[in-house]
Amino acid sequence: MKNSIDLKRDKGKNPLIILVHAPLGVGGVTNLMLNIQRNIDRKLLNFDYLVFHDRIEPKEQFVYSMGSKKLIASADNIKFKPLRGIIRLFKIRNVCKNNNVKIFHFNGGAPLGFLTMFAAKCGGVKWITFHSHNGGMSNEGFLVKPISAICKPLLNLVVDDYWACSSIAARFSFPRSIVRGKKYYFMPNAIDLHKFKYNEKIRKQVRNELGLSGKFVIGHAGRFNRQKNHAFLIDIFAEIHRKDSNAVLVLFGVGELQESIKNKVNALELNDYVLFYGASNQMNRMYQAMDVFLMPSLFEGLPVVGVEAQAAGLPIVFSDVITREVGVAPNIEYLSLKEPVDIWANKVLKFKNAKRTDYCRELEEAGFDQDKMVAHFEKYYLDVGKKLKLI
């Protein structure tokens, strides 16, 4: 496959193009960028997307419909991982050079992203914004941490501006001088709050569709990877179900650990009580069907799903590594991952039959409404375009 998939843009319309690093799957970062793109003035500003895998992605047709290209820098055919990483850097350089990329919005977390941004600079990119979304690393290869430690102080050589979704994400990703001097922009992961607002009619519809009527529904949304800590989540649910046989767990998402989690559920004889829904494009409806949202992540930046669940009025039980900056509503509990599963189970069961309350106004006041986020993004990059004399 070619290094880019192109949708011809209308003649006479030349929006400023930002290359955005985001997989076109169903994750939180991708949904965030799609929400921004959907709401900006695309006659003035639009996105292309850099992806690292040569495959069909769930959201790519949607971005084509908004006038985007998918630019592919894949080295998946290389089996030896260190060599694969090196080849990918050359592919990134070539993609940027061949497509005349001048502005790059890098969504990442680990300082190891320096290598991607360095490759982009070598390809002719003039402006890079490093937008940190995470407070830890899923990849724990033996070289990842030491290389990240080396890369972190080098970021200032390639990054023109720093954004972070939380203070945890900033501390994890950015050089000490940037964090101490607060030389980064705090950009909460905002959403269309009212799209997720609690609706009793939709709740009944979805619960009927999924066969959940009359059940105590614990929900979770997240990719099946190490970060989301599904194995511990299943242990918590096993204890919940032991205490309340009416409880069911609904898991939204896909990922590399999905089969192993299914095997764990089978081994615990919980198949009849755990629903693996897969990816959903209607999460605003799915939250309505839940009674409690459970998220025992090992690390996060600021989880978009946490904002969405609050907008739907859901009680939430978070692990205490998740930033307090996301916890606006009062019906939220934080628990240490060191606590035993029975403590977690009791916290979840505490919210059984809890009344749903609308916290959209509080979330809006805390900065989680997307209108302000979109306005900032648009103005910021139009100003960058003028500064670089691209518009």
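Predicted model: local features only at pLDDT ≥ 70, side-chain atom pairs only at ≥ 80, totals over all residues.
Residues are numbered from 1 along each chain as its sequence is written. Local features need pLDDT of at least 70, side-chain atom pairs count only at pLDDT 80 or more, totals for chains, interfaces and linings use all residues, and side-chain values use heavy atoms, leaving out hydrogens and water.

**Exercise 1.** Work out how helix α9 (residues 230-243) packs on helix α10 (residues 258-267).

*Solution.* Start with the geometry: the two helices pack at an angle of about 20 degrees, and their axes are 10 Å apart. That makes α9 roughly parallel to α10 (angles under 35 degrees count as roughly parallel). Next, look at who meets whom: His230, Ala231, Ile234 and Asp235 in α9 meet Ile261, Lys264 and Val265 in α10 (contact means heavy atoms within 4.5 Å). Sorted by class, that contact has four nonpolar, one polar and two charged residues.

**Exercise 2.** Is Asn229 buried or exposed, and what does Asn229 touch?

*Solution.* First find Asn229 in the loop between β9 (216-221) and α9. Its relative accessibility is 13%, so Asn229 counts as buried (buried means under 20% relative accessible area, exposed over 50%, with a 1.4 Å probe and protein chains only). Leaving aside residues up to four places away in sequence, Asn229 touches Pro296, Ser297, Leu298 and Leu337. Now zoom in on Pro296: its backbone oxygen lies 2.9 Å from a polar side-chain atom of Asn229.

**Exercise 3.** Check the phi value and the accessibility of Asn353.

*Solution.* Go to the loop between α13 (341-349) and α14 (360-365). Phi of Asn353 is near 70 degrees, a positive value in a residue other than glycine. At 72% relative accessibility, Asn353 counts as exposed.

Terms used: Axes fitted to C-alpha atoms, helices over the stretch in contact; angles between N-to-C directions. Helix = DSSP H or I, 4+ residues; strand = E, 2+ residues; numbered from the N terminus. Parallel < 35°, antiparallel > 145°, perpendicular 65-115°, else oblique. Nonpolar A, V, L, I, M, F, W, Y, C, P; charged D, E, K, R; others polar. Polar contact = N/O pair within 3.5 Å; in protein donor to acceptor, adjacent residues only side chain to side chain.
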